[in-house]
Amino acid sequence: MADEMNTTGDLSQKSQNSVSASQEQPGKKESKEVLHPEEAITSFLLIRHGHTRATERGLLYTDPEAELTEKGIEQARAIARYISKLTPHIMLCSKAKRVIDTANEIAPALSINPLIYEGLSEWHVGDWEGRSYLDLKNNDPEIYKAWSTDPIRNRPPNGESIEDVCERVDQHMRSLIERYSGSTVALVTHAGIIRSILIKALGMPIDNFWRISIPVGSISRVDFSLSFATVHFMSLRPEQL
């Protein structure tokens, strides 16, 4: 502190010395300390397909032929209007008709064609295809009770567990992050896939899977780099804006 409290003359002399030192080393740039090293950020716009009759009825289904309703088409068009300002570089979608049709409604606003990516298909429910939880509880109570004791790790007959889904999605997302490093990717897919991605991004225990609501016609955004993930928003519904 004593040096800092010198007279004005002393401070002036120090200033002159500082200038002289700078002049002696022209072009030298002051190094800047950074909190974190820069990494490429890959943004994912996670889009759930629009409304279907099966969704309305609360059915468990993987059916690739299920179609959008008029409401679902309008939801897709609302997404198109919203997402155009986010300027994704590429759009990927699963091979399910409801997903492809949602992507095709969005595509003109982005001037890009959707590419089918099969690794992110919906949770495979096996023998429960086309049934509701209430139907299972009433008509197959023992099977339903056995599954519901741990609905994360237990599998429907001939289907996937939620743990299986999350592991599958994690493997494919690692590949996509590397392949599209630094880009913005619109990913048109299913609720289970989006939940899996969010669980991983937030570092949440997988047991929280069913606590995340992903409505039809909604968008969530997650940014990934090699060492971190940031969730910017979840379950935004452009039809309501």
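**Entry 1**

I began with S111, which is found in the loop between α4 (97-110) and β3 (115-116). The model I am reading is a predicted one. S111 has a positive phi of about 60°, although it is not a glycine. I noted this because most residues other than glycine have a negative phi.

I looked at T87 next, in the loop between α3 (70-83) and β2 (90-93). Its phi is near 45°, again a positive value in a residue other than glycine. T87 has a relative accessibility of 51% and counts as exposed.

**Entry 2: the chain as a whole**

How many helices and strands does the protein chain have? I found eight helices and six strands. I wrote down their order along the sequence as α-β-α-α-β-α-β-α-α-α-β-α-β-β.

The protein chain has 241 residues, and buried residues make up 44% of them. I also looked up the contacts with a separation of 6 or more: residues 24 or more positions apart account for 69% of these. The accessible surface of the protein chain comes to about 13800 Å², and 49% of this belongs to carbon and sulfur atoms.

**Entry 3: helices α7 and α8**

I turned to how two helices meet. Two packed helices are described by the angle between their axes and the distance between the axes. For helix α7 (residues 162-179) and helix α8 (residues 191-202), the axes come within 9 Å and cross at roughly 75°. The two helices are therefore roughly perpendicular to each other. By class, their contact has six nonpolar, two polar and four charged residues.

Which residues of α7 and α8 meet? On the α7 side I listed V165, C166, R168, V169, D170, M173 and R174. On the α8 side I listed G192, I193, S196, I197 and K200.

**Entry 4: cysteines**

I searched for disulfides and recorded that the structure holds zero. A disulfide is a covalent bond between the sulfur atoms of two cysteines. I also looked up the accessibility of two cysteines. C93 is buried, with a relative accessible area of 2%. C166, which I had listed in the contact of α7 with α8, counts as buried at 12% relative accessibility.

**Entry 5: I206**

I206 lies in the loop between α8 and β5 (219-224). With a relative accessible area of 18%, I206 is buried, because buried means under 20%. Leaving out residues up to four places away in sequence, I found that I206 touches I152, R153, I162, E163, C166 and I199. I206 and I162 are 44 residues apart in sequence, and their C-alpha atoms are 8.5 Å apart in space.

**Entry 6: two strand residues**

I placed T189 in strand β4 (residues 184-189). T189 counts as buried, at 1% relative accessibility. Not counting residues up to four places away in sequence, T189 touches I47, R48, H49, V99, L120 and I194.

F233 lies in strand β6 (residues 229-236). F233 has a relative accessible area of 21% and is partly exposed. Apart from neighbours within four places in sequence, F233 is in contact with Y82, I219, S220 and R221.

Terms used. Residues numbered from 1 in each chain as written. Predicted model: local features only at pLDDT ≥ 70, side-chain atom pairs only at ≥ 80, totals over all residues. Heavy atoms only, no water. Disulfide = S-S within 2.5 Å. Buried < 20%, exposed > 50% of the residue type's maximum accessible area, 1.4 Å probe, protein only. Helix = DSSP H or I, 4+ residues; strand = E, 2+ residues; numbered from the N terminus. Contact = heavy atoms within 4.5 Å. Areas by Shrake-Rupley, 256 points an atom, 1.4 Å probe, with all protein chains shown as cover. Axes fitted to C-alpha atoms, helices over the stretch in contact; angles between N-to-C directions. Parallel < 35°, antiparallel > 145°, perpendicular 65-115°, else oblique. Nonpolar A, V, L, I, M, F, W, Y, C, P; charged D, E, K, R; others polar.
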